[in-house]
Amino acid sequence: AALAPMAGAAFGGFGAFVVHRLARPLIGPSFAIAPALLYALDMNLVQNQSTLTAEAHDRLMALLQVLPHVKNLLVADVLRQLDTNVAEIFETCTPAYELELNVVGRFLDDDPALYCPIILDNPDTISVLTAFRSVLEECIAMAEAKDLQRFTERYKRLREFFGPFAAEGRK
């Protein structure tokens with residue numbers, strides 16, 4: 001299987017993993033760093049380095065990039081569909097929600113040519129979006145039924161699933 005080397009924090013969050021499926025021709029804004037070039041770098045400068053198969057890379061990028069980018073798109077589109085005054089939202093939100101909205105704004109302030117291939121070309125996008133839709137439908141059902149018990153049980157299960165990472169957001 002093809003291997004996808006990845007660079008960590010030393011590269012500002014960018015890595016040698018932008019291309020989906022390494023065998024795919026390079027088109028548009030996509031780029032890759034060949035494994036030999038990456039390993040020629042001073043690997044002591046690269047934190048959290050790992051090597052993945054192309055399939056594992058695509059799944060990871062679907063979770064790390066596709067899911068958050070689509071979430072940003074959905075938040076912005078829901079606010080638009082509900083004819084929301086974005087300035088009013090920013091004026092009244094807490095700092096935590098301001099951070100979330102700033103991430104949405106940062107996403108929208110970028111070039112769609114960057115995000116379109118990330119979202120649309122990843123072979124795992126459909127499975128991630130299908131899971132997203134399923135969870136959303138369950139949330140709608142809980143809200144329609146005002147099922148506090150089911151919501152609370154789900155919330156606690158998810159907090160347990162996140163483990164110690166749940167508390168990281170408070171630091």
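Trainee: Is E138 buried, partly exposed or exposed, and what decides that?
Mentor: Buried means under 20% relative accessible area, exposed means over 50%, and partly exposed is in between, with a 1.4 Å probe and protein chains only. E138 has 29% relative accessibility, so E138 counts as partly exposed. Keep in mind that this is a predicted model, where local features need pLDDT of at least 70, side-chain atom pairs count only at pLDDT 80 or more, and totals for chains, interfaces and linings use all residues. Residues are numbered from 1 along each chain as its sequence is written, and side-chain values use heavy atoms, with hydrogens and water left out.

Trainee: Which side chain does E138 meet in a salt bridge?
Mentor: A salt bridge here is a side-chain nitrogen of Lys or Arg within 4 Å of a carboxyl oxygen of Asp or Glu. E138 meets R154 at 2.5 Å, N to O. That pair links distant parts of the chain, 16 residues apart: E138 sits in helix α6 (residues 125-145) and R154 in helix α7 (residues 148-162). Helices are DSSP runs (H or I, at least four residues), numbered from the N terminus. R154 counts as buried, because its relative accessibility is 16%.

Trainee: How many salt bridges does the structure hold?
Mentor: Two. D77 and R80 also form one, at 2.7 Å from N to O. Both belong to helix α2 (residues 54-81), three residues apart, which is about one turn of the helix. D77 is partly exposed at 31%, while R80 is exposed at 56%.

Trainee: Which residues make the nonpolar surface patch?
Mentor: L158, F161, F162 and F165, covering about 510 Å². Patch members have over 30% relative accessible area and no salt bridge; nonpolar side chains (Val, Leu, Ile, Met, Phe, Trp, Tyr) are joined within 5 Å, like charges within 9 Å. The largest share, three residues, comes from α7. L158 is found in that helix, α7, and is partly exposed at 46%.

How values were computed: Helices (H or I, at least four residues) and strands (E, at least two) are DSSP runs, numbered from the N terminus. Accessible areas come from the Shrake-Rupley method with a 1.4 Å probe; for residues, only the protein chains shown count as cover.
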